[in-house]
Amino acid sequence: MSESMGAKWRPKRVSLFSTCLVDQFYPEVGESVVRMLERLGVEVDFPEGQTCCGQPAFNSGYLEDARAVARRFLDVFDGEHPIVVPSGSCCAMVRNFYAELFHDEPETLERAAQVSARLYEFSEFLVDVIGRADAGGRMDCSAAYHQCCHLLREIGVDAQPKALLSGISGMELRRLERAEVCCGFGGTFSVKMSDISTAMLDEKLDNVEASGADVLIAGDAGCIMHMAGGLRRRGSDIRVAHLAQVLDESGGGPAAARPGSRPA
Amino acid sequence: MADPRLNSALEYVFEGFHKGRISAAAATTDWEAQRTLGRAIKEHTIAHLDYYLGQLADNVTGNGGNIFFARDAEEANQYVLGVAKRGNVRTVIKSKSMVSEEMGLNHALEAAGVEAVETDLGEYIIQLAGETPYHIIAPAIHKSKEEVSGLLAAKSGGERMSRAEDLTMQARAQLREVFKRAGMSVTGANFAVAESGSIVLVTNEGNGRMATSAPRIHVAVMGMEKVAPSIADMSILLRILIRSATGQRISSYVTMVNGPRRSDEEDGPEEFHLVVLDNNRSRLLADPAMREALYCIRCGACMNACPVYRKVGGHSYGWVYPGPIGAVVTPALTDLDAGKDLPFASTLCGACREACPVKIDLPRMLLELRAKAVESSGTKAEAAVWRSWRAGMTGRSKFDLAARSARWALRLFARGGWIKRAPPPLRGWTASRDFPLPAGRSLRARFKRRKPERGK
């Protein structure tokens, strides 16, 4: 982590790609992202035309429908500022899978590469771009971290959220067995193959309950919706939160003002 | 998924294999470099497959053996039957071979009146049970000790044993009789080496060595992708295969066979035959998007890593190859209906690609196969759903309108912001999970009304 602790670059302004799930189901996650960025001195704009990156249709094999939505995404996010997205999965769609989707459209491919180069997952932006692994404040709780599949294995973001979490004082990080194993969400898989999805979720939630954590933290709204829905059905009062929410609620952000912390 | 005892027993075994691979990888210097090298060897070999198969054929024949290229399972079976018939063979012993499962060879032999007996302990057990392998490395992993005891006792007409050691000795005694009377063996081949005309077998029980040396005739069957250019290349692949399969540094036995017995040798078969099977592998070879499925060295690591395989088990994949690699090759190698659904039975979590010793991008190929399935057999109803999704996602006001309508409809089912029983298409979700009601106001709406925080 040491090499990413120092800011390499401090953009004044970023565009927020909220993702359709955060926009419609978890706007509070988006608000936490915005507050964190602003407290760190980064202005945020919200491109108003945004909807979705096209992943649901792409994953279902409907490539033409996915392309139509993806092209629109590229139009909406055309520009110069970095783009921040609080999702490993949607980041992976643009960064990794647009190349598959547009492999025989050289012009779109080029635009996709330009947009991808500006796109950062939330924790990646905080730690790798502006060098603020110390952005957390204080939150007294015990927490477990679930490693979302696309965040971990598609875009390789794992050290960044862990660094941010370990920077929150008062938070006791519990060991979560098999934290890297899928929760069984998988988009339409969760509905179409409900039995398999449920068996995977049950194993995940058994491990979450065994961890003894009060808060389960993850970096993707799809996984959050799945695990929270399963915990609620179990009658569990474990809270499921996005990384941005716990950072925000911990009073994180203006770490430069805290004694002993590293200047931004 | 229905049997919790079986499920937890299997979970234990798969986790053992999975952790074994991870610690073997951690203990290997330059593991990542070796994976990269292994992949490069496979890329090169598959790109020049005609050349290396030609070289292999020359060297197998030069060593005094025979080679036969079979277009499909039927041709391969007919060849093996022909060899058995000419040699007046009544009993064939088999050493573990997934390709012979693919051919349905045991059935073909038995139908022709030739006894075929599996000699790998796991394969022997599932043969007694009349089943197919549950896992490519551990075929009888789903069988409890009690079931094995019943199967072996029924075979010998003797008493039921209960200790694993006694069961093994019982199977050993039964198999020893078969080894004595077998006139021919059929084995697989983990690799064939083009430059030397050798085949390589990786086993832990010694039955492979018995099978390749005791009977008069030895027939090896392999998929056409199993060729490696040189002994040096094969050694790299062997290293990553064994570590990825069982976590061992080397298996108990690695057997290299260089054709039939020579005049100056004491042991070995009089005849050696190598059957190289296509069986639609040419389809994979011809399709740049699917070609890397031919890089597979059949270690089983993708299965051990796959959370779906670990829940549904090896008999849910409809053909002989289970797990992520099965979900990729079954639709390509067969025209089975079962194969069409397989690419959809995945969360695309990427655990298989991470585990694969030759870095096969299995999730990418599953996506490719999904698109192909939609193209060839997608329903009009589903296409209409995605068309309306697209309409809603290509305009922000349409998106907001669609979201508001969905929320309005879902509110009828919600209490306290959660839905316990949703209408279709969300019924599958609420079978086991609560579904959240969408927020009253979207982030976009909230963003418009806010005052920015002050940065420091």
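**View 1. Strand β10 of chain B and its parallel neighbours.** Strand β1 (residues 66–70) of chain B pairs with β10(B) in the parallel sense, over five bridges. Strands here are DSSP runs of E, at least two residues long, and helices are runs of H or I of at least four, both numbered from the N terminus. Two strands pair if DSSP finds at least two bridges between them. The model is predicted: local features need pLDDT of at least 70, side-chain atom pairs count only at pLDDT 80 or more, and totals for chains, interfaces and linings use all residues. Residues are numbered from 1 along each chain as its sequence is written, while chains are lettered from A and ligands numbered from 1 in the order in which they are written. Strand β10 (residues 271–277) of chain B is mostly covered, with six of its seven residues buried. Buried means that 20 or more other C-beta atoms, placed from the backbone, lie within 10 Å of the residue's own.

**View 2. Chain B as a setting.** Chain B holds 22 helices and 13 strands. Its C-alpha trace spans about 90 × 55 × 50 Å along the principal axes. Of its 456 residues, 47% are buried.

**View 3. The side of chain B that touches chain A.** Here 52 residues of chain B are in contact with 59 residues of chain A. Contact requires C-beta atoms, placed from the backbone, within 7 Å. Elements giving two or more residues include α14 (307–312), α19 (380–393) and α20 (396–411) of chain B. The largest share, six residues, comes from α18(B). By class, this side has 30 nonpolar, eight polar and 14 charged residues. Nonpolar covers Ala, Val, Leu, Ile, Met, Phe, Trp, Tyr, Cys and Pro; charged covers Asp, Glu, Lys and Arg; the others, Gly among them, are polar.

**View 4. The four-stranded sheet of chain A.** This open sheet has the order β2-β1-β3-β4, with parallel pairing. Its edge strands are β2 (43–45) and β4 (119–121) of chain A. The twist averages 35° from one strand to the next. Strand β3 (residues 83–85) of chain A pairs with β4(A) over three bridges. V85(A) has E121(A) as its bridge partner. Helix α8 (residues 122–129) of chain A packs on the sheet and touches β3 and β4 of chain A. The direction of α8(A) makes about 100° with that of β4(A). Angles run from 0 to 180 degrees between N-to-C directions, with axes fitted to C-alpha atoms, for helices over the stretch in contact.

Terms used:
Buried ≥ 20, exposed ≤ 12 C-beta atoms within 10 Å, placed from the backbone. Contact = placed C-beta atoms within 7 Å.
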